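Open the model in your viewer and keep the selection tool at hand. The tour goes stop by stop.

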Amino acid sequence: MNYKMMGRITAFILLLEAAFMLPSILISLYCGDRTAAFSFILSTLITAGAALVLLWATRGADMKFRARDGMVCVAVDWIVLSVFGALPFRISGEIPRYIDALFEIVSGFTTTGASIVINVETMSKGILYWRSFSHWVGGMGVLVFLLAIVPLSGRNNGFTLHLLRAESPGPNVGKIVPRMRQTAMILYVLYIMLTVTNVLFLLLGGMPFFDAVCTAYGTAGTGGFGVKADSIAGYSPILQTICTVFMLLFGVNFTIYHLLIRREYREIRKDEELWAYLGIAALATAVISWNVTPSFPSVREAVHHAAFTVSSIMTTTGFCTVDYDKWPTLSKAIILTLMFVGASAGSTGGGFKVSRLLLTLKALRRNIHLILHPNRVQKVRINGQPVPEKVMDNVGSYLSAYVLIVIVSFLLISTDRNFTVESNFSAVMCCFNNIGPGLQQVGPSGNFSGYSDLAKLVLIMDMLLGRLEIFPILVLFSRTTWTRK
């Protein structure tokens, strides 16, 4: 294990985090919130100080990196990022208990949007900005950002690929261009362009500037932290529609946008995941609209709220315009299913991913054919290309780990007697799939503050497992990882 190089990368991550806190200091000072400003100044100094100590301790680090090192580095860095990121909440006193502050910031960085805050409108603007900005930082990935702006790697060491694969969502991470640093830069340029476009549309729709920026951060990172107690419900239907569209856009694989810029329309047309993603969203919207129409004054309003909710849940954003927990059982069942499906691989969304669902269904069909024709050789294909068996094995392992983690987490938080079975199951699904609000007591009108510290720790781990696609966290706690052999 290359501990020195991992420590050096962690130091750069902490320096970035300290820099990310600077806008919150300026906002707090501008608004006259001295307590919030002090909390950010102190948190920045602590974070930057820890980074400088690490940089000094890891000078002369060897640049060589293995896949195992990349997995461990990503897992450790996300935990460290959250530990220091929770400081402003705790020091300011706006979230008095550290475990709650940690829950909130992990929910932010993992773009989950599950909250323990009862009324966000009582929080200072600097804290609200940091809370929403954490979504934007975690959406594309802080290590991807680091790779895009800091020339860490030398020639032929290839450790950038190990870091990108460990942090990026989806069953397989490839290169958009030959050099991984260029790939990271392209991803972040596209991310920034879409975010700025989102802000401009929200401003044109009449949303206040601060609200537009924070809402765009939540939409871009598919996180869901808002600056209003009623999430997006208090804004106009036009603004809600803008959010619907951009949530869907951020749930698309970012490779599609790169192909669009390069005018490779043929490649886009044959992308099975894209059409499956859009088809599932359209079908779910149609069925829910039909099911909830009696609950609304008009069909148009029913379609509007159904489309927003489907877009929000499937992309794992978590914004709300209505309390969908009051909808008929069929609609809630579809919402729970969409929590599992999630968005596209290579997007900022969470969940199982549409690409994995496609691969699982195709593997099932292949196995049925092999039962009927044992001697036939049949490959699973996506977009006309055969999928390597290593990728298929990885998808199978991921599904097994996914089910096991959901079951264990559900049993652990069910030791808390204050919540119903439906609340506990949806809480696990929402945190593990990085969605935010669930059903019943953790639905759009509730929050996670009532859970015990044990349950919150379990849900924190679920959020990290979901955002990092399970394996980096499992590798971190595997005994084999730490053996010299």
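**Stop 1: helix α3**

Select α3 and pick out its buried residues: Ala36, Ala37, Ser39, Phe40, Ser43, Thr44, Thr47, Ala51 and Leu55. Buried means under 20% relative accessible area, exposed over 50% and partly exposed in between, with a 1.4 Å probe and protein chains only. Helices here are DSSP runs of H or I with at least four residues, numbered from the N terminus.

This is a predicted model, where local features need pLDDT of at least 70, side-chain atom pairs count only at pLDDT 80 or more, and totals for chains, interfaces and linings use all residues. Residues are numbered from 1 along each chain as its sequence is written, and side-chain values use heavy atoms, leaving out hydrogens and water.

Now show all of α3, residues 34–57. The helix has 24 residues and reaches 34 Å from its first C-alpha to its last, close to the 34 Å expected at 1.5 Å a residue. That expected span is 1.5 Å times one less than the number of residues.

**Stop 2: helix α2**

Select residues 22–31, helix α2. Which of its residues are buried? They are Ser24, Ile25, Ile27 and Ser28. They cover an arc of only 165° around the axis, which puts them on the same side of α2. The arc is taken from the directions from the helix axis to the C-beta atoms.

Those buried residues pack against α3 and α7 (125–140); contact means heavy atoms within 4.5 Å. Turn to the face away from the buried side for the exposed Leu26, Leu29 and Tyr30. Then step to Gly32, which follows α2 and has a positive phi, near 75°.

**Stop 3: α15 and α17**

Select residues 272–292 (α15) and 329–341 (α17). Their axes come within 9 Å and cross at roughly 160°. Axes are lines fitted to C-alpha atoms, for helices over the stretch in contact, with angles from 0 to 180 degrees between N-to-C directions. The two helices are therefore roughly antiparallel, the word for angles over 145 degrees. Show side chains where they meet: Ile280 and Trp290 are among those in α15, Leu330 and Leu338 among those in α17.

**Stop 4: Val442**

Go to the loop between α20 (421–432) and α21 (453–467) and select Val442. Is Val442 buried or exposed? Val442 is buried, with a relative accessible area of 1%. Leaving out residues up to four places away in sequence, its contacts include Phe419, Pro437 and Tyr451. Finish on Ser426: it is 16 residues from Val442 in sequence and 7.8 Å away in space, C-alpha to C-alpha.

Technical notes:
Angles under 35 degrees count as roughly parallel, over 145 as roughly antiparallel, 65 to 115 as roughly perpendicular and the rest as oblique.
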